[in-house]
Amino acid sequence: LMRCYYWLMYGQELERALGTAGFVRAMVTLILLLCYVAKLVSWPFYADALIMALTMISTRMRPTDRVSLFGIPLQNKYLPF
């Protein structure tokens, strides 16, 4: 359930920042890179890696924005860790 939350919230934030075309290009690039790396190291490709990459890009674009994680206010630069 948290992964869906991350995917929706940070995906929307990234789409607002990049625009629809930039967001689609970023998603296609991430999928292709993650598929290539998964094939290279013989690991299965999971959506978790895509969600983590999406969260990482979104939080690094706006490191000073504040978010509430389980009621605890944090800055984006401390996420997703």
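The protein chain carries 8 positive and 4 negative side chains, and the centres of the two sets lie 5 Å apart. In this count Lys and Arg are positive and Asp and Glu negative, with His and the chain ends not counted; each charge is placed at NZ of Lys, CZ of Arg, CG of Asp or CD of Glu. The model is predicted, so that local features need pLDDT of at least 70 and side-chain atom pairs count only at pLDDT 80 or more, whereas totals for chains, interfaces and linings use all residues. Residues are numbered from 1 along each chain as its sequence is written, and side-chain values use heavy atoms, with hydrogens and water left out.

**Overall architecture**

- The protein chain contains two helices and two strands, in the order α-α-β-β along the sequence; helices (H or I, at least four residues) and strands (E, at least two) are DSSP runs numbered from the N terminus.
- The C-alpha trace spans about 40 × 25 × 20 Å along its principal axes.
- Of the contacts (heavy atoms within 4.5 Å) between residues at least 6 apart in sequence, 49% join residues at least 24 apart.

**Surface and burial**

- The protein chain exposes about 5,900 Å², of which carbon and sulfur atoms supply 69%; accessible areas come from the Shrake-Rupley method with a 1.4 Å probe, and for residues only the protein chains shown count as cover.
- Buried residues account for 27% of the 81 residues, where buried means under 20% relative accessible area, exposed over 50%, and partly exposed in between (1.4 Å probe, protein chains only).

**Nonpolar surface patch**

- Met2, Tyr5, Trp7, Leu8, Met9 and Phe70 form a nonpolar surface patch of about 640 Å².
- Patches are made of residues with over 30% relative accessible area and no salt bridge, like charges being joined within 9 Å and nonpolar side chains (Val, Leu, Ile, Met, Phe, Trp, Tyr) within 5 Å; a salt bridge is a side-chain nitrogen of Lys or Arg within 4 Å of a carboxyl oxygen of Asp or Glu.
- Met2 belongs to helix H1, which covers residues 2-40, and is classed as partly exposed because its relative accessibility is 32%.
- Tyr5 also lies in helix H1 and is partly exposed, since its relative accessible area is 37%.
- Met9 is another residue of helix H1; its relative accessible area of 38% makes Met9 partly exposed.
- Met9 and Thr55 lie 46 residues apart in sequence, while their C-alpha atoms are 8.8 Å apart.

**Met27 and its contacts**

- Met27 is located in helix H1 and counts as buried because its relative accessibility is 13%.
- Apart from neighbours within four places in sequence, Met27 is in contact with Leu50 and Leu54.
- Met27 and Leu54 are 27 residues apart in sequence, and their C-alpha atoms are 8.0 Å apart in space.

**Loop between the helices**

- Ser42 occupies the loop between H1 and helix H2 (47-61).
- Although Ser42 is not a glycine, its phi is positive, at about 60°.
- Ser42 counts as exposed because its relative accessibility is 64%.
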